[in-house]
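Here's a quick briefing to read with the model open next to you. Let's start with the whole chain and then zoom in on a few spots.

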Amino acid sequence: MAEVMITAGYETECTQVFLVARRNALDATMQSLGYEKASIDDVVRMAWEGLESEIGTWIKAYRHILNAGLSAEHDLCVRVFVGRNAGLGRDIFADLARCAMLQMFNFTEAVAMTKRAAEKLFKVLDMYEAIRDGAPVVDGFISTNKAEGGENSSGAEALADLKSELASVRSRLGESAAAIFCDLESSIRADAGKQPVPGGAVHPLTRYLMNYLKYACEYKNTLEQVFREFHRPDADDSPGHEGESNPFAAQLMEVMELLHGSLEAKSKLYKDLALSSIFLMNNGRYMLQKIRGSPEINAVVGEAWARKRSTDLRQYHKNYQRETWGRVLNVLRDDGGITVKGHVQKPVLKERFKQFNAAMDEIQRTQGAWVVSDEQLQSELRVSITAVVVPAYRSFLGRFAQHFTAGRQTEKYIKLSADDLEGIIEELFEGSAGSMSRRRN
């Protein structure tokens, strides 16, 4: 039919009818994959939940059209336009490919124009990967066109235009992804809440950012590529920074350091220094667990940073122990005030037991609501407190309990046995007497 129409002088009508039919066929294929054309305004106005779903559909449709649909169209053009009309077939295919792809690129352009938001990063990266991975297919079309003698044809021009558009869209998505990731810094600086987290628990910002970074590192190779190719560092970025070799790693470390600094500042919202240490321990441990639990983020952060944070954690632990239990141990010390020249000073001894009981009441009252959600950290704290305080109290009881008259006097001053003390320590860090539900994500 094509041969007859072209011979009869209806070449223009033949190519137009063929092009329209094949464009309609490609549109039908896209629709069957769930993808509907949308204007840039529609995409920009779309709520994120809807747009997220549309992006997933777009990726599926784009990969299918590029890898299967256009190959089938190329084969059809070769079969329909043969012999002296082969050049015409090549040009028709090039025009068809360019029109189909530009229609799909409109959507990516629109997505790149939407308001930047942290939650969009991963879908933007998915689109970027689809565009990047499709580039060799377009190069293949250009090579085939060239090999078949269409080097200087209108088809070659259309394919070159398509390649240029593909590079432009990829660049827009890459720049958008890098900018979204860099915006994390602003979100940390903006989180200047003046209310401390109850019980010294893991701060929502820590939880959100560490899960976000862990997920981002699953795209590590793509993000490294995006940052190398499209990230424009600020002019005041110091030269010689590690960012020269891996700007994504440098940016991620910047975010981690900012988070660490933000948590240090938030710890000062607690009036109780011991609770401040619990807060820093909880958040520091959460950060470390996320890093150690993810080979991808661990590879970016590095062992040196993890070791430094481990050292910080040990220091927070010491600070807590000194602040809370150092005072208790001072009460249990025989520093010369209880026994004078071998004689026990009973008023001093009574005062010491009163001080000890008051200190334990205070710890139970205040620290009963403190929470340590990481079971290993909770266990480490209890074990280290028990190892220091219980033997000291047991020894104190062994030396001085017999100086009280059995009965009411003993009950008045010796309110806790060593086992009672151990039981109190075992109940610490549950948060509101164990009612606080633990989150383990």
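Of the 441 residues in this protein, 46% count as buried. Keep in mind that this is a predicted model. In terms of secondary structure, you're looking at 18 helices and 2 strands.

**Overall shape**

- The radius of gyration comes out at 35 Å, whereas a compact globule of 441 residues would sit near 22 Å.
- Along the principal axes, the C-alpha atoms fill a box of roughly 130 × 45 × 30 Å.

- You'll find Lys 271 in the loop between α11 (247–267) and α12 (273–292).
- Lys 271 counts as exposed because its relative accessible area is 84%, and the cut-off for exposed is over 50%.

- Four residues make up a positive surface patch: Lys 354, Arg 408, Lys 412 and Lys 415.
- Lys 415 belongs to the loop that links α17 (408–413) and α18 (418–426).
- With a relative accessible area of 52%, Lys 415 is exposed.

- Ile 40, Val 44 and Met 113 come together as a nonpolar surface patch of about 230 Å².
- Val 44 is part of helix α3, which covers residues 40–45.
- Is Val 44 buried, exposed or partly exposed? Its relative accessibility is 38%, so Val 44 counts as partly exposed.

- Phe 429 isn't a glycine, yet its phi is positive, at about 70°.
- To find Phe 429, look in the segment after α18.
- What is the relative accessible area of Phe 429? It is 0%, so Phe 429 is buried; the cut-off for buried is under 20%.

**Worth a look in the viewer**

- On accessibility, Lys 415 is exposed, while Phe 429 is buried.

Key: Residues numbered from 1 in each chain as written. Predicted model: local features only at pLDDT ≥ 70, side-chain atom pairs only at ≥ 80, totals over all residues. Heavy atoms only, no water. Patch = residues over 30% accessible without salt bridge, like charges linked within 9 Å, V, L, I, M, F, W, Y side chains within 5 Å. Areas by Shrake-Rupley, 256 points an atom, 1.4 Å probe, with all protein chains shown as cover. Salt bridge = Lys/Arg side-chain N within 4 Å of Asp/Glu carboxyl O. Lys, Arg positive; Asp, Glu negative; His and termini not counted. Charge placed at Lys NZ, Arg CZ, Asp CG, Glu CD. Helix = DSSP H or I, 4+ residues; strand = E, 2+ residues; numbered from the N terminus. Buried < 20%, exposed > 50% of the residue type's maximum accessible area, 1.4 Å probe, protein only. Rg over C-alpha atoms; globule rule 2.2 N^0.38 Å.
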